[in-house]
Amino acid sequence: MTGLSTADVETLGTAGFVVGRGFLGPELAAKAHGAALEQVAAGALHRAGIRRGSDHTVNDGVRGDSITWLDETCDGVMKEVWLRFDALRLQLNELAYLGLRRTELQLAHYPGSGAGYQRHRDSFPGDDNRRMTAIVYLNPSWQPEHGGRLKLFVEPEQHVDPTLDTFIVFRSELIEHEVLPSYADRLAVTAWYSAR
Ligand code: OGA
Ligand code: MN
């Protein structure tokens, strides 16, 4: 099964986040993992920055990943992944009346050097920018000693294992989160949905 159940959408409404397994399905998840590795090997990713006002700086202490943007013009497997995330946008609109109009999609790679991404939110209250974040992880051989769990600053604190086809959807302005230090290659595709 792919996508959210009505119970998932309810959890999203009450808790602000929902975690599930099987967003892409085994076949597409495996292909997406392969395609992501190819993009990394081809040097398609660049060091992610952090934005402060109009500044854009790279700061290893804050976030240590490299990224590339995926859009509807990409082809092959990543186009399928894009379509899957855009279908989730429509589903969120249908089930939760969110009026999400735009999907931004990013492939991120943490190199396994202990890099993570410090505690943050993806948007701020009043920002009508990013409303909802959705992430699918692409790490078929993840082991606990690899670290790189996603920590959610909720009560009680949650840790999400970034295993292949595990996904999380959360309210971008509500849920503070952190990527714990990762000691193996860590791949994820993240969507941000906005209402404008
Ligand atoms: C992000 C982020 C979390 C993850 O890119 O903003 O928080 O688990 N990613 O990759
Ligand atoms: Mn984030």
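1. Which residues in α2 meet which residues in α3? Leu-28, Lys-31, Ala-32, Ala-35, Ala-36 and Gln-39 in α2 meet Val-77, Met-78, Glu-80 and Val-81 in α3, where contact means heavy atoms within 4.5 Å. Helices (H or I, at least four residues) and strands (E, at least two) are DSSP runs, numbered from the N terminus.

2. On the basis of the note: this is a predicted model, in which local features need pLDDT of at least 70 and side-chain atom pairs count only at pLDDT 80 or more, whereas totals for chains, interfaces and linings use all residues. Residues are numbered from 1 along each chain as its sequence is written, chains are lettered from A and ligands numbered from 1 in the order in which they are written, and side-chain values use heavy atoms, with hydrogens and water left out.

3. The two helices pack at an angle of about 120 degrees, and their axes are 9 Å apart. That makes α2 oblique to α3; angles under 35 degrees count as roughly parallel, over 145 as roughly antiparallel, 65 to 115 as roughly perpendicular and the rest as oblique. Axes here are lines fitted to C-alpha atoms, for helices over the stretch in contact, and angles run from 0 to 180 degrees between N-to-C directions.

4. Both helices also lie across strands. Helix α2 (residues 26–41) lies across β5 (66–70), β6 and β13 (186–194), at about 100 degrees to β13. Helix α3 lies across β5, β6, β8 (130–137), β11 and β13, at about 130 degrees to β6.

5. An open sheet of 7 strands has the order β1-β11-β8-β13-β6-β5-β2, with antiparallel pairing. At its edges stand β1 (17–21) and β2 (46–47), each with a single partner strand, so one side of each is left without a neighbour in the sheet. Two strands pair if DSSP finds at least two bridges between them. Strand β1 is joined to β11 (residues 166–171) by 5 bridges, and the bridge partner of Gly-20 in β11 is Phe-167.

6. Strand β13 is mostly covered, 9 of its 9 residues being buried (under 20% relative accessible area; exposed is over 50% and partly exposed in between, with a 1.4 Å probe and protein chains only). Arg-186, Ala-188, Thr-190, Trp-192 and Ser-194 point one way from β13, and Leu-187, Val-189, Ala-191 and Tyr-193 the other way. Strand β13 pairs with β6 over 9 bridges and with β8 over 7 bridges, both in the antiparallel sense. Ala-108 stands opposite Ala-188 in β13, and Arg-130 has Ser-194 as its bridge partner there.

7. A further open sheet has 4 strands in the order β7-β12-β9-β10, again with antiparallel pairing. The twist averages 25 degrees from one strand to the next. Strand β9 (residues 150–152) pairs with β10 over 3 bridges, and Leu-152 stands opposite Gln-158 in β10.

8. The manganese ion (ligand 2) is coordinated by His-120 (NE2), Asp-122 (OD) and His-177 (NE2), at 2.1 to 2.2 Å. Donors are N, O and S atoms within 2.8 Å of the metal (3.2 Å for Na, K and Ca); water is not among the atoms, so the site may look incomplete. His-120 is buried, with a relative accessible area of 14%, and Asp-122 is buried, with a relative accessible area of 14%.

9. Leu-98 is placed in the loop between α3 (77–96) and β6 (102–110). Leu-98 is partly exposed, with a relative accessible area of 23%. Leaving aside neighbours within four places in sequence, Leu-98 is in contact with Leu-92, Asn-93, Arg-131 and Met-132.
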